[in-house]
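Have a look at the fold before reading on.

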Amino acid sequence: MENIFRVSDLRKSFQNGAETIEVLKGISVSVDRGEVVSVIGPSGSGKSTLLRCSTFLETMDGGELSYMGEKAVTDVDGKAVYNKNLKQFRKYFGLVFQNFNLFPHYSVMQNLTDAPINVVKRDADEVKTEAVALLKKMGLEGKESAYPCQLSGGQQQRVAIARALIMNPEIIFFDEPTSALDPELTGEVLKVIRQLADEKMTMVIVTHEMSFAGAVSDRVVFMDGGVIVEQGAPEKVLGDPEMERTKQFLKNYST
């Protein structure tokens, strides 16, 4: 299997006044092409920080990070040293946030086409044709001229997914993509992600939707306290976990 993403011994701390809070304590995760990995765990376990470090929104303190076998971050004497050309690594991933992060002053079409046309310098007509096809796939046909404020939360999140896909990434990271949505709209977004999983899109999904994680994932990673407590096939981690902490979390979750 071709390795798309790998992080080894990732360490990250934050300062809170005089106190140093260690958020990630040596995380190692690897994702191969076509694999769907769900990351679960209680609030404050480090899940979102893992994603933010993986996508360069936060700076790692130590550890190594690779995309497509190329090192974006190298560990030198316990310190994270970043590749000078991070731009080349950004093209490998897409990121979908929990709060959509669409440009409010751009139409749906502009939100999708701005980066591929103005940043990647792709042919505008080709990009617009692809955007129309993606919106149709997302169930948003006819919404090209709408603005984010005219869309439901579920529609906005599907636009955000289309915006990630139009950049043709090797992997998409989802940071709790349904946490800002009510249950009815959650189903719309999960259906789209399930469709991408069926198409073998490589994905890492931080989620609180346990049944969805079980249905869509090849692997589930359970984090707590800045470490990976347990990982494996969803039927094992969610259905028959080995670690007491995993059992406790899932028991609390279902009550």
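Which salt bridge do the side chains of Asp 9 and Arg 11 meet in, and how many Å lie from N to O? The two side chains meet at 2.6 Å, N to O. Keep in mind that this is a predicted model. Asp 9 is partly exposed, at 38% relative accessible area, and Arg 11 is partly exposed too, at 21%.

In total, the count comes to 13 salt bridges. Here are three of them:

| Pair | N to O distance |
|---|---|
| Asp 9 and Arg 11 | 2.6 Å |
| Glu 35 and Arg 219 | 3.1 Å |
| Glu 126 and Arg 122 | 3.3 Å |

The Glu 35 and Arg 219 pair ties together distant parts of the chain, 184 residues apart: Glu 35 sits in the loop between strand 2 and strand 3, Arg 219 in strand 10. Both of these residues are buried. In the Glu 126 and Arg 122 pair, Arg 122 is buried because its relative accessible area is 18%, under the 20% cut-off, while Glu 126 is partly exposed at 46%. There's also a salt-bridge network linking Glu 2, Arg 33 and Glu 170.

Helix 3 gives the largest share of the lining, five residues. By type, the lining splits into 14 nonpolar, five polar and six charged residues.

Met 167 turns up again on the surface: with Val 119 and Val 120, Met 167 forms a nonpolar patch of about 240 Å² accessible area together. Met 167 lies in the loop between helix 5 and strand 8 and is partly exposed, at 34%.

Terms used. Residues are numbered from 1 along each chain as its sequence is written. This is a predicted model: local features need pLDDT of at least 70, side-chain atom pairs count only at pLDDT 80 or more; totals for chains, interfaces and linings use all residues. Side-chain values use heavy atoms; hydrogens and water are left out. Helices (H or I, at least four residues) and strands (E, at least two) are DSSP runs, numbered from the N terminus. Ala, Val, Leu, Ile, Met, Phe, Trp, Tyr, Cys and Pro count as nonpolar, Asp, Glu, Lys and Arg as charged, and the others, Gly among them, as polar. Patches are made of residues with over 30% relative accessible area and no salt bridge: like charges are joined within 9 Å, nonpolar side chains (Val, Leu, Ile, Met, Phe, Trp, Tyr) within 5 Å. Accessible areas come from the Shrake-Rupley method with a 1.4 Å probe; for residues, only the protein chains shown count as cover. A salt bridge is a side-chain nitrogen of Lys or Arg within 4 Å of a carboxyl oxygen of Asp or Glu. Buried means under 20% relative accessible area, exposed over 50%, partly exposed in between (1.4 Å probe, protein chains only).
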